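Welcome, and thanks for taking a look at this one. Below is a short briefing on what holds the fold together, arranged by topic.

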Amino acid sequence: MLVSSSVYAGKSCSQLEAELYRTSSDLAPIMAVQDRTARRDVDGVFWLGLPVGSMMRQHDIKAREAKTGELKGNMNAINAARRKGGCVVGTL
């Protein structure tokens, strides 16, 4: 998801760093679930010929995908604002 860095304009480097940390903390558990689902898909295809991880709770999967896109878009925008603001940039 594309998010404009102007959303974060005017924030200090420490505020942007805190926002980046919060966003990456929100993203980590979602990515862990997606990784587990992918591993289950691989195992399922190997043993059963079916991607069993992706077959469960399609609504939950779609919601996670949307949230992942939103959070990654926010992280990109925060990092862009950090670059524009001259903050030391080490992306998470």
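**A helix α1 pair to start with**

At a relative accessibility of 34%, D26 counts as partly exposed, where partly exposed is the range between buried (under 20% relative accessible area) and exposed (over 50%), using a 1.4 Å probe and protein chains only. D26 forms a salt bridge with R22, with 2.8 Å between the closest N and O atoms; a salt bridge here is a side-chain nitrogen of Lys or Arg within 4 Å of a carboxyl oxygen of Asp or Glu. This is a predicted model, in which local features need pLDDT of at least 70 and side-chain atom pairs count only at pLDDT 80 or more, while totals for chains, interfaces and linings use all residues. Residues are numbered from 1 along each chain as its sequence is written, and side-chain values use heavy atoms, with hydrogens and water left out.

**Confidence**

- The chain has a mean pLDDT of 81, and 82% of its residues reach 70 or more; pLDDT is the predictor's confidence in each residue, from 0 to 100.
- Confidence in the chain is lowest in helix α2 (residues 52-55), with a mean of 62, and highest in α3, at 87; helices (H or I, at least four residues) and strands (E, at least two) are DSSP runs numbered from the N terminus.
- Where pLDDT is low, the predicted coordinates should not be read in detail.

**The disulfide**

- Searching the whole structure turns up 1 disulfide, defined as a pair of cysteine sulfur atoms within 2.5 Å.
- The partners are C13 and C87, whose sulfur atoms are 1.9 Å apart.
- This pair links distant parts of the chain, 74 residues apart: C13 is in helix α1 (residues 13-47), and C87 is in the segment after α3 (58-84).
- The disulfide of C13 and C87 is left-handed, because the torsion about its S-S bond is about -90°.
- Are the two cysteines buried or exposed, or something in between? C13 counts as partly exposed, at 37% relative accessibility, whereas C87 counts as buried, at 11%.

**Salt bridges**

- The whole structure contains 5 salt bridges.
- Side chains of opposite charge can pair when their charged atoms come close.
- R82 and E17 meet through their side chains in a salt bridge of 2.9 Å, N to O. That pair also links distant parts of the chain, with R82 in helix α3 and E17 in helix α1, 65 residues apart.
- R82 is buried, with a relative accessible area of 2%, while E17 counts as partly exposed at 36%.
- R22 and D26 are 4 residues apart in helix α1, so about one helical turn separates them. R22 is partly exposed, with a relative accessible area of 39%.
- In helix α3, E65 and K62 lie 3 residues apart, about one turn of the helix. The two form a salt bridge in which the closest N and O atoms are 4.0 Å apart.
- E65 counts as partly exposed, at 41% relative accessibility. Elsewhere, salt bridges that share partners join E19, R22 and D26 into one network.

**Around E19**

- E19 lies in helix α1 and is buried, with a relative accessible area of 18%.
- The side chains of E19 and R22 are joined by a polar contact of 2.6 Å. A polar contact is a pair of N or O atoms within 3.5 Å; within protein, one must be able to donate a hydrogen and the other to accept it, and residues adjacent in sequence count only if both atoms are side-chain atoms.
- Not counting residues up to four places away in sequence, E19 touches Y8, K11 and I78; contact means heavy atoms within 4.5 Å.

**The nonpolar core**

- How many residues does the largest nonpolar core have? The answer is 12, among them V3, Y8, L16, I30, L71, I78 and C87.
- α1 and α3 each supply at least two residues of this core, and α3 gives the most, with 5 residues.
- A nonpolar core is a set of buried Ala, Val, Leu, Ile, Met, Phe, Trp, Tyr and Cys residues joined through side-chain atoms within 4.5 Å.
- In soluble globular proteins, nonpolar side chains tend to be buried together.

**I30 and R64**

- Leaving aside neighbours within four places in sequence, I30 is in contact with R64, K67, T68 and L71.
- R64 is found in helix α3 and counts as buried, at 19% relative accessibility.
- With neighbours within four places set aside, the contacts of R64 are I30, V33, Q34 and T37.
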